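Biologist: Before we discuss anything, could you put the model on the screen? I would like to go through the charged pairs and then the helix packing.

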Amino acid sequence: MENQMAQVAQRISGLRLMMEISEEEMAGITGVTLEEYRACEAGQNDFSFTFLYKCAQRFGVDISELVTGDVPKLSSYTVVRSGGGMPIQRRKGFAYRHLAYLLKSRLAEPFYVVAAYSDAEQAAPIHLSTHIGQEFDYVLSGSMKFQIDGHTETLRAGDSVYYNSATEHGMIATGGADCEFLAVVMKHGREEN
């Protein structure tokens with residue numbers, strides 16, 4: 001995992017330097033402090049999905065290319081078998097598997113996500129993030145507390161939420177167990193609230 005993180009950091013640094021983009025601009029784009037950005041680019045901090053997504057958008061590359069170093073090559077269809085997919089660590093307690101990473105020119109980023117249950121998160125503020133586009137989340141098992149724009153909803157297996165992901169949003173597993181869900185991030189949604 002640490003080796004993969006170092007390789008992703010090198011790709012981000014290399015693209016930024018090649019495109020002559022400042023660290024300050026990238027910190028602003030990714031929504032982190034300059035120090036946090038430098039730590040990510042040095043491979044000292046793990047990357048959130050949102051961080052990677054925003055880097056990929058700014059560099060004009062596929063998120064799969066940032067994570068794997070390979071450009072997606074399939075143009076017609078791709079199959080991911082049970083338990084497969086490209087793993088992406090989002091933030092502590094969240095594990096993502098990208099379910100279409102081999103298909104080029106995707107209009108959406110589909111993920112299988114496991115949010116680990118944490119007692120400590122239940123009373124803490126939910127970590128919120130934003131990214132351009134829209135998102136659809138469908139709960140497969142467990143339950144999640146979902147927060148957006150000052151509203152909080154509890155979603156259980158079979159429930160779903162579709163939203164403008166440029167609005168601050170976040171979620172945690174709740175109910176004493178991990179939450180498994182499908183998340184589909186659409187790239188070309190409106191940014192306005």
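Biologist: How many salt bridges does a search of the whole structure find?

Modeller: This is a predicted model, in which local features need pLDDT of at least 70, side-chain atom pairs count only at pLDDT 80 or more, and totals for chains, interfaces and linings use all residues. Residues are numbered from 1 along each chain as its sequence is written, and side-chain values use heavy atoms, with hydrogens and water left out. Taking a salt bridge as a side-chain nitrogen of Lys or Arg within 4 Å of a carboxyl oxygen of Asp or Glu, the search of the whole structure gives a count of seven.

Biologist: Which residues are linked with Arg16 and Glu23 in a network of salt bridges?

Modeller: Glutamate 23 meets arginine 16 at 3.8 Å, N to O, and also meets arginine 38 at 2.7 Å, N to O. Arginine 38 lies in helix α3 and glutamate 23 in helix α2, so this pair ties together parts that are 15 residues apart in sequence; helices here are DSSP runs (H or I, at least four residues), as are strands (E, at least two), numbered from the N terminus. Besides Arg16 and Glu23, the network holds Glu24, Arg38 and Glu41.

Biologist: Is glutamate 23 buried or exposed?

Modeller: The cut-offs are under 20% relative accessible area for buried, over 50% for exposed and in between for partly exposed, with a 1.4 Å probe and protein chains only. Arginine 38, with a relative accessible area of 38%, is partly exposed. Glutamate 23, like arginine 16, is buried.

Biologist: At roughly what angle do the axes of helix α2 and helix α3 cross?

Modeller: The axes are lines fitted to C-alpha atoms, for helices over the stretch in contact, and angles run from 0 to 180 degrees between N-to-C directions. On the scale used, under 35 degrees is roughly parallel, over 145 roughly antiparallel, 65 to 115 roughly perpendicular and the rest oblique, and α2 and α3 are therefore roughly perpendicular to each other. The axes of α2 (residues 23–30) and α3 (residues 34–41) come within 9 Å, and they cross at roughly 100°.

Biologist: Which residue forms a salt bridge with arginine 106?

Modeller: Arginine 106 lies in the loop between β2 (94–98) and β3 (108–115), and its partner in the loop between α4 (49–59) and α5 (63–68), so the pair ties together parts that are 44 residues apart in sequence. Both partners are buried. The closest N and O atoms are 2.7 Å apart, and the partner is aspartate 62.
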